[in-house]
Amino acid sequence: MNAKWSDVLAMTAFLLIFGFMIAAAKAQPRIATQGPHTQAPSFAAGRKKAEEQFKNIQVLKGVPADQIFPTMQFIAASLGVECEFCHVQNAFEKDDKKTKQTARKMIEMMFAINKDNFEGHREVTCYSCHRGRSAPQATPAVMTEEPKEGPPKEAMAGPKAAEAKEHAGPTAEQLLDKYVQAVGGAAAIDKVTSRVMKGTIAFDDKSLPIDIYSKDPGKRISFAHMPDGDSITAFNGHEGWLAASGQPLREMHGSDLDGASIDADLHLAAHLKSMFSDMQLHGTETVGDHEAYVVVGQREWKPPIWLYFDQQSGLLIRLLRFGDTALGLLPTQIDYADYRDIHGVKVPYRWTLARPSARFTIQVNDIQQNVPVDDEKFAKPATVGPKGPAK
């Protein structure tokens, strides 16, 4: 089969898949995933546009410049590819690769589908069809195991029964109140002024030492001690940055900054209610060996946060947040475990953070709470030298 016919068949497969998906999406009730805003125009005010900072921007004109890298990460995760799939290395503005030209057409098609079928709401994304493949799978997969006997009981009961089950149980407000009490109570939480944690970070079959310093209000810095120097993630209450030995410092923006501020809040359990403009119980899910209530908190002009509370203990065992990009949402999931009491406050000694492109687990073996931590620890460096950050 020649290249021309391959392109035609690929495009036909795209359109068929999107057609079926549009019909299905129209028939399904919408579940909020982005909070109050689901359209792009609101996020550009007062920020440099992509075409003002980068060369050869075409279909993403008007998008804030600080959303370009997260948007590229969204495409990479949706297609299961790396930058070089579309871009010429060290010359990202060039259009030498056909895949880059095709990507532009696909983005335009996605925008058109959402505009024409969903009133501009971002219902269809790259991931809707690609599912981690560079080319969408147009042929249904064969059965790999014996089917279960009959449909789920929830399906037999009908949509009203399923909806009633989703909202059965305590209210979102009650679950957040129970979480505060399970941690130790608002008074004990408010007494926490600092926390110093030492442990290990495990990823890619490696385990390395890590030190984490937190200080109220909203400051946090971690030092992962890599073989070639420290890898640093920091938030000083206003700014966030990433630094690595021998690499230029990279500032956080947008959703990265939002996530860093959440991680840095020593009183997060007591602050959750004030973060949300609306909270709803979204049924139950199984997280590991635990049954959990799921609460979705909506935030003004930011993506929502999904909270999973253990039904027995009331403790938070999973937090799911999203980074907004020009094309879709990038999820970050954090699972909390091994809670222990530190001066009347329960603290997770282990958490696993997972994104589409990475996953790591931090296991803490020592925590000191309410100890002096100098503000200078959170000072933003000007550059990063060969032996680590230099002010």
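Predicted model: local features only at pLDDT ≥ 70, side-chain atom pairs only at ≥ 80, totals over all residues.
1. Contact here means heavy atoms within 4.5 Å. Helices (H or I, at least four residues) and strands (E, at least two) are DSSP runs, numbered from the N terminus.

2. Residues are numbered from 1 along each chain as its sequence is written, and side-chain values use heavy atoms, with hydrogens and water left out.

3. Helix α11 spans residues 268-275, and its buried residues are Leu268, Ala269 and Leu272. Buried means under 20% relative accessible area, exposed over 50%, and partly exposed in between (1.4 Å probe, protein chains only). These residues cover an arc of only 90 degrees around the axis, so they sit on the same side of α11. The arc is taken from the directions from the helix axis to the C-beta atoms.

4. Helix α3 covers residues 68-79, twelve residues in all. From first C-alpha to last, α3 reaches 17 Å, close to the 16 Å expected at 1.5 Å a residue. The expected span is 1.5 Å times one less than the number of residues. Just after α3, Gly80 takes a positive phi of about 65 degrees.

5. Which residues of α3 are buried? They are Ile68, Pro70, Thr71, Phe74, Ile75, Ser78 and Leu79. Their arc around the axis is only 165 degrees, which puts them on the same side of α3. They pack against α2 (50-53), α4 (98-117), α5 (126-130) and β11 (329-342).

6. The Ser78 side chain reaches the backbone oxygen of Phe74 at 2.8 Å. That is a polar contact: a pair of N or O atoms within 3.5 Å; within protein, one must be able to donate a hydrogen and the other to accept it, and residues adjacent in sequence count only if both atoms are side-chain atoms. Leaving aside neighbours within four places in sequence, Ser78 is in contact with Cys126, Tyr127, His130, Arg131, Gly132 and Arg133.

7. The structure holds three aromatic pairs. Rings of Phe, Tyr and Trp (its six-membered ring) pair if their centres lie within 6.5 Å; planes under 30 degrees apart count as stacked, over 60 as edge-to-face and the rest as tilted. One of the pairs is Tyr179 with Phe309: centres 5.3 Å apart, planes at 50 degrees, so tilted. Tyr179 lies in α8 (residues 172-183) and Phe309 in β9 (residues 302-310), so the pair ties together parts that are 130 residues apart in sequence. Both residues are buried.

8. Tyr213 and Phe223 form an edge-to-face pair, 6.1 Å centre to centre with 80 degrees between the planes. Tyr213 is in β2 (residues 206-215) and Phe223 in β3 (residues 219-226), so the pair ties together parts ten residues apart in sequence. Tyr213 has 15% relative accessibility and counts as buried. Phe223 is buried, with a relative accessible area of 15%.

9. Two charges over rings. Lys377 lies over the face of Tyr213, at 4.2 Å from the ring centre. Arg318 lies over the face of Tyr308, at 5.6 Å. The criterion is NZ of Lys or CZ of Arg within 6 Å of the ring centre and within 35 degrees of the ring normal.
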